[in-house]
Amino acid sequence: MRVLGIESSCDETGVAIYDTDKGLLAHRLHSQIDLHAAYGGVVPELASRDHIRRLPLLLRETLEVTGLVMGDIDAIAYTAGPGLAGALLVGSSVAEALGVALGVPVLPVHHLEGHLLSPLLSATPPVFPFVALLVSGGHTQLMRVAGVGDYTLLGETVDDAAGEAFDKTAKLLGLPYPGGPALAKLALEGAPGRFRLPRPMLHSKDFDFSFSGLKTAVLTAATAPDFTAADRADLAAEFQAAAVGVLVAKSMAALKHTGLKQLVVAGGVGANLMLRAELDAAAAKRKARVFYPELELCTDNGAMIAFAGALRFIAGERGPAEDGCFAVRPRWSLQEITPPA
């Protein structure tokens, strides 16, 4: 089965084709960073319009790379949520229209399930069950994953997501959009410890996170009378150390609680090099192993959607009974997901 995956939940347009026998055949991704940079964040209307422009081009490129034609596609999976309503509708309408035209099944996929399963695309994938750390601009959660659709929430952020805190802190420090990568780069020039920032909920004895207070502490330090531009690198380094320290501690506690030895890290913040290094070191002490998606698959992409859809198609699941239904859900909890039906 060849599954076409379409991702358009926010500011990245992704298209991919996954073959259930041969694996990922090709994927193409367009980022809208340059489009939104002037506004310091994603503008939903502009994002939707750009998805409309890019999807046909990316679809054509992906087919050309694989040597396939549209008639070779056996099924289509698309991101149905969570995300920006207008952006989701673009992907949904394209997927459903293609499904009707080709006479193939179409399946709406949960965006976070795509991230959660993306490390299974790597050369050395984990096996079920494992603990997953979903860490991105919109979500920070720890899950116990027993199989496709069999997810148990262990803990989540009570306010800002980790990626959101990275972006907002970067903005406080005057860094360009997107803030997370810019902050991580600046942190390499500084040293943690000079500023003392809190490690929120580090000793809460649960698996929940909080990053709002950490962001406020950065604001307090950055607006102090004696703070100068030369101090930004040290403050960035301390913020990164604080955020990463909490993520690592909670992840290790989740491994201990579940008795599992595999940790999967997914989401855009999973590309942070300090987070990877600290998680690898902490897991090694516990004789555990950490799995990551390929760096190019850490951000939103069509490959993870095609793959997640393929796993559900293999299990026999099909889309809604109503052909051509535009099933988008801007707010969609991962707890509502069930194993393939």
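Reader: In what order do the 5 strands of the open sheet that contains β6 stand?

Author: This is a predicted model in which local features need pLDDT of at least 70, side-chain atom pairs count only at pLDDT 80 or more, and totals for chains, interfaces and linings use all residues. Residues are numbered from 1 along each chain as its sequence is written, and side-chain values use heavy atoms, without hydrogens and water. Strands (E, at least two residues) and helices (H or I, at least four) are DSSP runs numbered from the N terminus, and two strands pair if DSSP finds at least two bridges between them. The pairing in this open sheet is mixed, and its order is β8-β7-β6-β9-β10.

Reader: Which strands stand at the edges of this sheet?

Author: An edge strand here has a single partner strand, so one side of it is left without a neighbour in the sheet. The strands in that position are β8 (150–156) and β10 (289–291).

Reader: By how many degrees are neighbouring strands of this sheet turned against each other on average?

Author: Axes are lines fitted to C-alpha atoms (for helices over the stretch in contact), and angles run from 0 to 180 degrees between N-to-C directions. For this average, however, direction is ignored, and the value is 25 degrees.

Reader: Which residue of β10 is the bridge partner of Val264?

Author: Strand β9 (residues 262–266) pairs with β10 in the parallel sense over 3 bridges. The partner of Val264 in β10 is Phe291.

Reader: Which strands does helix α9 touch?

Author: Helix α8 lies across β6 (130–135), β7 (140–147), β8 and β9, at about 155 degrees to β6. Helix α9 (residues 273–285) also packs on the sheet, with a direction at about 150 degrees to that of β10. With contact meaning heavy atoms within 4.5 Å, α9 touches β6, β9 and β10.

Reader: Is α5 roughly parallel or roughly antiparallel to α8?

Author: The axes of α5 (residues 162–172) and α8 (residues 232–258) come within 11 Å and cross at roughly 175 degrees. Angles under 35 degrees count as roughly parallel, over 145 as roughly antiparallel, 65 to 115 as roughly perpendicular and the rest as oblique. The crossing therefore makes α5, relative to α8, roughly antiparallel.

Reader: How many charged residues are in the contact of α5 with α8?

Author: Helix α5 contributes Ala162, Ala165, Phe166 and Thr169, and α8 contributes Phe239, Gln240, Ala243 and Leu247. By class, 6 of these residues are nonpolar and 2 are polar, and the number of charged residues is none.

Reader: What is the average twist from one strand to the next in the sheet that contains β1?

Author: This open sheet of 5 strands has mixed pairing and the order β3-β2-β1-β4-β5. Strands β3 (23–31) and β5 (106–110) are at its edges, each pairing on one side only. The average twist is 20 degrees.

Reader: Which residue of β2 stands opposite Arg2?

Author: Strands β1 (residues 2–7) and β2 (residues 12–19) pair in the antiparallel sense over 6 bridges. Opposite Arg2 stands Asp19.

Reader: Which strands does helix α10 touch?

Author: Helix α3 (residues 85–102) packs on the sheet against β1, β4 (75–81) and β5, at about 160 degrees to β4. Helix α10 (residues 302–314) packs on the sheet too, with its direction at about 135 degrees to that of β1. The strands touched by α10 are β1, β2, β3, β4 and β5.

Reader: Which residues is Gly190 in contact with, leaving aside its neighbours within four places in sequence?

Author: Gly190 lies in the loop between α6 (179–187) and α7 (212–222). From Pro108, Gly190 is 82 residues away in sequence and 44 Å away in space, C-alpha to C-alpha. With those sequence neighbours set aside, Gly190 contacts Ala233, Asp234 and Ala237.

Terms used: Ala, Val, Leu, Ile, Met, Phe, Trp, Tyr, Cys and Pro count as nonpolar, Asp, Glu, Lys and Arg as charged, and the others, Gly among them, as polar.
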